[in-house]
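This report describes a protein model together with its ligand. The sequence and structure are shown first.

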Amino acid sequence: MQVDVLTIFPNLLVSPLQEGIIQRAIVSGALEVFAHNIRDHALGKHAMTDDRPFGGGEGMVMKPEPIVAALRQVLTQRPGAHVILLTPQGRQYSQKMAEDLAKKEHIVLLCGRYEGVDARVEEHIDAEISIGDYVLTGGELAALVIIDSVTRLLPGVLGCSDSAECDTFSRGLLKYPQYTRPRQFEGQEVPELLLSGDHKLISQWRFVESVKRTKARRPDLLQGANFSSQERKLLVGHGVELVESVVAGKDDLH
Ligand code: ADE
């Protein structure tokens, strides 16, 4: 996958791409990231990328000309790329959106700054994404969140053992508790069943713990959850009550 990031602070992207799984994905060729400095397309002696808002008010607005010029240059190399503006006004990002983006060959991430970008840029954008209901100083960290969450879904990036299919959210449930050595830590034991070697029992325990955790921490995720009759029996057997709205027969929890 190729990701082009348009920003006025390309250095913000450097370090996070040089570590861990993202770096491995870049080395293996599964991921290519190109940072483009919007300022390189700014006009005039001062190469301004922002200006005061028409109508007055606080803050500065990103000018349309350098952004559109940068976008046009990128799109000549990647015709048909999916162009995303990172903004708190966008649609809220989710695992489902990460899965959809991971199927694309090229994406372009446009990072807004200041009070936003000139509204005339909108016609050059395919989607606007927010990573949450809070305001960052700019879209760069949001772009990195998207790159990170999409990279781990690219084929071959994660080994079989940490397959993205077993993820928190992959079926709308939070992950079960995990343990590693030592078996005893500050008086707390690893649950005996996890040492039993009985894979069927272990996977049933993990499923029940996932549902319990989701119910306690994120009950909203259980709305319309899709459990088989066997899973429901297992839950009832472990004393986990499900609310009425948790019905069988729906595939998509997102
Ligand atoms: N830019 C500023 N805040 C943002 C957010 N929450 N998501 C995406 N881009 C942003």
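How far is a nitrogen atom of the ligand from a polar backbone atom of Ile131? The distance is 3.0 Å, which falls under the term polar contact (a pair of N or O atoms within 3.5 Å; within protein, one must be able to donate a hydrogen and the other to accept it, and residues adjacent in sequence count only if both atoms are side-chain atoms).

The model is predicted: local features need pLDDT of at least 70, side-chain atom pairs count only at pLDDT 80 or more, and totals for chains, interfaces and linings use all residues. Residues are numbered from 1 along each chain as its sequence is written, and side-chain values use heavy atoms, without hydrogens and water.

**Ligand surroundings**

| Residue (backbone polar atom) | Distance to a ligand nitrogen atom |
|---|---|
| Ile131 | 3.0 Å |
| Tyr134 | 2.8 Å |
| Leu136 | 2.9 Å |

Of the 260 Å² of accessible area that the ligand has on its own, the protein covers 97% (Shrake-Rupley method, 1.4 Å probe). The ligand has 13 residues around it, each with a heavy atom within 4 Å; Thr87, Ile131, Gly132, Tyr134 and Leu136 come nearest. Strands β5 and β7 each supply at least two residues of this shell, and β5 gives the most, with three.

**The sheet and its helices**

Helices (H or I, at least four residues) and strands (E, at least two) are DSSP runs, numbered from the N terminus. Five strands form an open sheet in the order β2-β1-β6-β5-β7, with parallel pairing; two strands pair if DSSP finds at least two bridges between them. At the edges are β2 (32-37) and β7 (127-130), each pairing on one side only. β5 (residues 82-92) and β7 run parallel and are joined by five bridges, and Leu85 stands opposite Glu128 in β7.

Helix α3 (residues 95-102) packs on the sheet and touches β5, β6 and β7, contact meaning heavy atoms within 4.5 Å. Its direction makes about 175 degrees with that of β5; axes are lines fitted to C-alpha atoms, for helices over the stretch in contact, and angles run from 0 to 180 degrees between N-to-C directions.

**Ser149**

Ser149 belongs to helix α4 (residues 140-151). Ser149 counts as buried because its relative accessibility is 14%, the cut-off being under 20% (1.4 Å probe, protein chains only). Its side chain makes a polar contact of 2.8 Å with that of Tyr93. A polar atom of the Ser149 side chain also lies 2.8 Å from the backbone oxygen of Val145. Leaving aside neighbours within four places in sequence, Ser149 is in contact with Tyr93 and Ala98.

Definitions and conventions:
Buried means under 20% relative accessible area, exposed over 50%, partly exposed in between (1.4 Å probe, protein chains only).
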